[in-house]
Amino acid sequence: MTESDLISIVYDGECPFCAAYVSMIRLREAVGTVRLINARDGGPEVERIKAAGLDLDEGMVLLIGDEMHHGAECIHRVGLMTTNSGVLNRLNAWVFRSSARSRFLYPILRAGRNTALKILRRKKISGEAF
C-alpha cells in the first residue's frame with residue numbers, strides 16, 4: 001500500500017456516537033486497512049486537517065491519500081465504501097450512499113453529538129466548553 005492509498009478516519013473519540021460509528025462500519029472488509037484516528041490525540045493528520053481550515057468540532061474527516069472529505073461528505077464517501085454485510089452496515093450504506101440524505105442528516109447527527117458531549121460534560125475537540 002502506498003501513501004496515496006492510505007485511508008484514515010479522524011473522529012472524536014470522546015463522542016459515544018462517533019466512536020460507535022467508526023467501530024461499527026466494516027470498511028476494512030471493503031477497502032483493506034483503515035486507520036481510525038482520535039482527533040483528541042492530535043498528530044500529523046489532525047494538524048493537516050486544521051491547516052486546511054477544517055473544524056473537527058463540525059465533523060469527522062475521511063482522508064484518502066491527499067484528499068480530505070469533511071462532515072456530510074465524509075459519511076457519504078464512507079457510505080459509498082461500506083459493505084452490505086450486517087444489518088447496520090446495510091442501513092448505513094443505504095442512508096449515506098445518497099449525497100442528499102447525507103447533507104440532510106449530518107447536521108442532525110452533529111447536533112446529537114454536541115448534545116451528548118454537553119450532557120457528559122466533555123469539552124469540544126478545540127477545548128472550548130459547550
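## A walk from G13 to the cores

Start by selecting G13, which touches A19 and N38 when residues up to four places away in sequence are not counted; contact here means heavy atoms within 4.5 Å. You are looking at a predicted model, in which local features need pLDDT of at least 70, side-chain atom pairs count only at pLDDT 80 or more, and totals for chains, interfaces and linings use all residues. Residues are numbered from 1 along each chain as its sequence is written, and side-chain values use heavy atoms, with hydrogens and water left out.

Stay with G13 for a moment. This glycine sits in the loop between β1 and α1; helices (H or I, at least four residues) and strands (E, at least two) are DSSP runs, numbered from the N terminus. Its C-alpha atom is separated by 4.9 Å from that of N38, although the two are 25 residues apart along the chain. With a relative accessibility of 29%, G13 counts as partly exposed (buried means under 20% relative accessible area, exposed over 50%, partly exposed in between, with a 1.4 Å probe and protein chains only).

**Next, the sheet.** Colour the four strands and read off the order β2-β1-β3-β4 of an open sheet with mixed pairing; two strands pair if DSSP finds at least two bridges between them. β2 (34-38) and β4 (67-70) stand at the edges with a single partner strand each, so one side of each has no neighbour in the sheet. On average, neighbouring strands are turned by 20° against each other, direction ignored.

Zoom in on β3 (residues 61-64), which runs antiparallel to β4 and is joined to that strand by four bridges. Pick V61 to find its bridge partner H70 in β4, then L62, which stands opposite H69. In the hairpin of β3 and β4, with two residues between the strands, G65 takes a positive phi near 60°.

**Then the helix over the sheet.** Select α4 (residues 72-81): this helix lies across β1 (7-11), β3 and β4, and runs at about 110° to β4. Axes are lines fitted to C-alpha atoms, for helices over the stretch in contact, and angles run from 0 to 180 degrees between N-to-C directions.

**Now the cores.** A nonpolar core is a set of buried Ala, Val, Leu, Ile, Met, Phe, Trp, Tyr and Cys residues joined through side-chain atoms within 4.5 Å. Show I9, Y21, L27, M60, L62 and V78, which touch the most other members among the 22 residues of the largest core. β1, α1 (16-24), β3, α4, α5 and α6 each supply at least two residues of this core, and the largest share, five residues, comes from α4. Apart from this core lies another, of nine residues, including V10, A39, V61 and L63.

**Last stop, α5 and α6.** The axes of α5 (residues 87-96) and α6 (residues 99-119) come within 8 Å and cross at roughly 115°. The two helices are therefore roughly perpendicular (65 to 115 degrees, with under 35 counting as roughly parallel, over 145 as roughly antiparallel and the rest as oblique). Display W94, V95 and F96 of α5 with R101, S102, L105 and L109 of α6 to see the contact. Finally, select N89, N92, A93, V95 and F96, the buried residues of α5, which pack against α1, α4 and α6.
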